[in-house]
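Visitor: Can you walk me through this one? I'd like to begin with the sheet.
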Amino acid sequence: MQVFESLDELSNAAADAFCKAAKEAIEQRGVFRVTLSGGSTPKRLYELLATKELPWQNIEFYWGDERNVTEDNLDSNYRMVREALLSHLPAESLRAFPVPVDPDNPAATAEAYEKTLRETFAGSDVPTWDLALLGMGDDAHTASLFPETKAIEQNDRWFVENWVPKMETYRYTLTSPAINSARQRWFLIGGSNKRQALASVRSSASDLPGALFPSRLIESPTWFVTRDAVAVS
């Protein structure tokens, strides 16, 4: 676990690591495929990436989760990434694949995006991302895998609609097998409100199931964490 004094320090370190991972993947495989996280924590990372000189034509952006809103909505993860990063990149180099949200038909939305993913990774049992960027909520959810929701139990699908009772809305999310298939999985976590969740997720206790702490479902992640999110020993 890498601990930083501020979100800005965390974001700069993650940006440097992103550039290194991208260049290595492109040298080895000709493409860098990354699934993006929504929420407030990664926004600074995306802003920093917008200032970097990278072979953007060889980088493909996908979404690990999305809200059930159209792309012009303030709550849209795609809108946040577009404003922070994508709109600053050369249009001719842009290779972004947002979730085609139809708020009135969540099942069709999820099926359409899963079809896109399966076409991208044709012949693979799982989507072999180079990097999965992840956040974590104060309830230990990641992507839109919320505690005690149906998506947690899904092992056959890659991308699903997920009803979240406490929010009374659908979210869209990669399933845990589709996240764990990434070559690298990075959590970006900042804020004292994440402290208890982070301690629980990283605990060695066996009585903390993934159904209640979904971030525990992610295998062997790299942690980028601000100091205020770390439990005081």
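Guide: The sheet is open, with seven strands in the order 1-10-9-6-2-3-5 and parallel pairing. Strands (E, at least two residues) and helices (H or I, at least four) are DSSP runs numbered from the N terminus, and two strands pair if DSSP finds at least two bridges between them.

Visitor: Which strands stand at the edges?
Guide: Strand 1 (2-4) and strand 5 (96-97); each has a single partner strand, so one side of each lacks a neighbour in the sheet.

Visitor: Before I go on, what sort of model is it?
Guide: The model is predicted: local features need pLDDT of at least 70, side-chain atom pairs count only at pLDDT 80 or more, and totals for chains, interfaces and linings use all residues. Residues are numbered from 1 along each chain as its sequence is written, and side-chain values use heavy atoms, without hydrogens and water.

Visitor: OK, helix 3. Which residues are buried there?
Guide: In helix 3 (residues 77-84), N77, Y78, M80, V81 and A84 are buried, meaning under 20% relative accessible area with a 1.4 Å probe, protein chains only. They lie on the same side of helix 3, because they cover an arc of only 160° around the axis, taken from the directions from the axis to the C-beta atoms.

Visitor: What covers them?
Guide: The cover includes strand 2 (32-36), helix 2 (43-49), strand 3 (59-63) and strand 4 (65-67), with contact meaning heavy atoms within 4.5 Å.

Visitor: And F32, what is it in contact with?
Guide: Beyond neighbours within four places in sequence, F32 contacts residues including F18, A21, I59 and L131.

Key: Buried means under 20% relative accessible area, exposed over 50%, partly exposed in between (1.4 Å probe, protein chains only).
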